[in-house]
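I set out to record the side-chain contacts that can be looked up in this entry. My notes follow the order in which I made the searches.

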Amino acid sequence: MTRAGAIAQIDTRLSTITDPAFVGVYRGELLAISGTPVLAFWVDRRVSKAVTLSNAGSTTTFTIRAYFRMQTSPDVRESVELDLWDTMYEIDAALMGDANLGGNVSDSRLLEFVGGYVQMSGNMYRTVTVPYEVDILEEVTITP
């Protein structure tokens with residue numbers, strides 16, 4: 001199990017989503033967006049768990065966010081809502097299809113999908129954000 005392998009597998013799994021067709025999947029929180037829709041994911045927090053005398057496991061939470069540029073056209077806004085809902089389903093299907101991320105984690109789970117809005121560089125984006133937890137058992141060896 002490797003952390004680098006887990007990140008690569010998350011990237012690979014998210015890149016399989018074709019509906020909606022994302023122009024990119026990015027590692028790290030976005031500071032600017034050149035085209036939409038896009039997906040991004042980043043490490044949000046890590047907690048040690050299952051600590052014994054010889055090792056400790058961890059749960060690391062990633063934030064996954066999809067961005068859709070808002071337009072003044074009512075038709076475009078309506079299509080964004082369907083794309084948002086489709087994205088929720090597609091992220092679910094892509095990541096639940098490989099819960100151990102190719103053997104790089106012990107288990108994983110998606111938490112609550114939340115829609116919202118983000119303003120960036122003077123543009124408004126419709127977003128869907130979901131925390132994604134990954135567990136690695138016996139990740140840290142404890143030596144006295």
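**Salt bridges**

I began with Arg27, which forms a salt bridge with Asp11, the closest N and O atoms being 2.9 Å apart. I took a salt bridge to be a side-chain nitrogen of Lys or Arg within 4 Å of a carboxyl oxygen of Asp or Glu. The pair links distant parts of the chain, with Arg27 in strand 1 and Asp11 in helix 1, 16 residues apart. Helices (H or I, at least four residues) and strands (E, at least two) are DSSP runs, numbered from the N terminus.

The model is a predicted one: local features need pLDDT of at least 70, side-chain atom pairs count only at pLDDT 80 or more, and totals for chains, interfaces and linings use all residues. Residues are numbered from 1 along each chain as its sequence is written, and side-chain values use heavy atoms, with hydrogens and water left out.

I then looked up accessibility, calling a residue buried under 20% relative accessible area, exposed over 50% and partly exposed in between (1.4 Å probe, protein chains only). Arg27 is exposed at 51%, whereas Asp11 is buried at 17%.

How many salt bridges are there by this rule? I noted five. Among them, Arg45 and Asp44 meet at 2.7 Å, N to O; Arg45 is partly exposed at 43%, and Asp44 is partly exposed at 39%.

Glu81 forms a salt bridge with Arg126, with the closest N and O atoms 2.8 Å apart. This pair joins helix 2 (residues 74-96), which holds Glu81, to strand 6 (residues 123-141), which holds Arg126, across 45 residues of sequence. Glu81 is partly exposed at 36%, and Arg126 is buried at 11%. I also recorded that salt bridges with shared partners join Arg109, Glu133 and Asp135 into one network.

**Rings**

I returned to Arg126 and found its charged end over the ring of Tyr117, 4.6 Å from the ring centre. The criterion is NZ of Lys or CZ of Arg within 6 Å of the ring centre and within 35 degrees of the ring normal.

My search of the whole structure gave three aromatic pairs. Rings of Phe, Tyr and Trp (its six-membered ring) pair if their centres lie within 6.5 Å; planes under 30 degrees apart count as stacked, over 60 as edge-to-face and the rest as tilted. Phe22 is buried at 15%, and Phe68 is buried at 3%.
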